[in-house]
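Please open the model in a viewer and keep the sequence at hand.

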Amino acid sequence: MPAYLIVSDGGGTRHEVAGRAVVGRDADCDVLLSSLSASRKHASVEQTVSGWMLKDLSSINGTFVNGKRVTETLLSNGDAVRFGEVKAVFEISERKSVSGTGNLLQTLSLPPTRKARPVAAVVATLAGILLLVGATIWAKQCDRKAAAPPPAAAAPR
């Protein structure tokens with residue numbers, strides 16, 4: 001069963017939790033928060049044998065479920081969750097059996113990809129530029145060698 005966090009940080013954004021999700025401000029987090037009251041890696045939500053487990057990841061401003069501060073707790077459908085000052089609601093979706101092609105795309109959905117770190121994007125861009133500059137210089141060197149006249153052959157004796 002998929003689960004969702006509906007986060008009120010900057011609107012009512014619905015984030016699917018597929019197996020495990022980390023919540024926080026870090027660009028690597030699955031559920032990205034913009035509020036400075038949230039830690040970089042604030043909490044995690046993970047599906048376990050017992051149900052959906054919420055764990056606080058040593059955040060400064062705490063994680064709260066239904067108004068009580070928690071370090072680790074099982075979540076229920078409709079629980080009010082707060083990451084620092086950011087409010088969210090946890091929902092468990094009851095997936096119906098597939099009876100036709102109308103639900104095919106929903107059953108084949110993939111979890112959202114992680115966002116790349118900005119530093120990694122800059123490094124990859126610079127590496128690409130350096131590769132292009134090197135290839136251009138190499139190509140010009142090859143053109144010069146091809147355009148140069150062949151060395152004069154020594155006359156036979």
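The confidence that the predictor assigns to each residue is called pLDDT and runs from 0 to 100. The chain has an average pLDDT of 83, and 78% of the residues reach at least 70. Next, select residues 97-102, where the pLDDT is below 50. In the model, this stretch has three contacts beyond near neighbours in sequence. Where pLDDT is low, the predicted coordinates should not be read in detail.

Now turn to the strands. Six of them form an open sheet with antiparallel pairing, in the order E2-E1-E11-E10-E7-E8. To find the edges, select residues 13-17, which are strand E2, and residues 68-70, which are strand E8; each of these edge strands pairs on one side only. On average, neighbouring strands of the sheet are turned by 30 degrees against each other, direction ignored.

Within the sheet, select residues 63-65 (strand E7) together with residues 80-83 (strand E10). How many bridges join strand E7 to strand E10? There are three, and the two strands run antiparallel.

The side chains come last. Show Phe 64 and Arg 82: the arginine lies over the face of the Phe 64 ring, at 4.0 Å from the ring centre. Then show Tyr 4 and Arg 14, where Arg 14 is placed over the face of Tyr 4, with 3.9 Å to the ring centre. The structure also holds one aromatic pair.

Note on methods:
Residues are numbered from 1 along each chain as its sequence is written. This is a predicted model: local features need pLDDT of at least 70, side-chain atom pairs count only at pLDDT 80 or more; totals for chains, interfaces and linings use all residues. Side-chain values use heavy atoms; hydrogens and water are left out. Two strands pair if DSSP finds at least two bridges between them. Helices (H or I, at least four residues) and strands (E, at least two) are DSSP runs, numbered from the N terminus. Axes are lines fitted to C-alpha atoms, for helices over the stretch in contact, and angles run from 0 to 180 degrees between N-to-C directions. Rings of Phe, Tyr and Trp (its six-membered ring) pair if their centres lie within 6.5 Å; planes under 30 degrees apart count as stacked, over 60 as edge-to-face and the rest as tilted. A charge sits over a ring if NZ of Lys or CZ of Arg is within 6 Å of the ring centre and within 35 degrees of the ring normal. Contact means heavy atoms within 4.5 Å.
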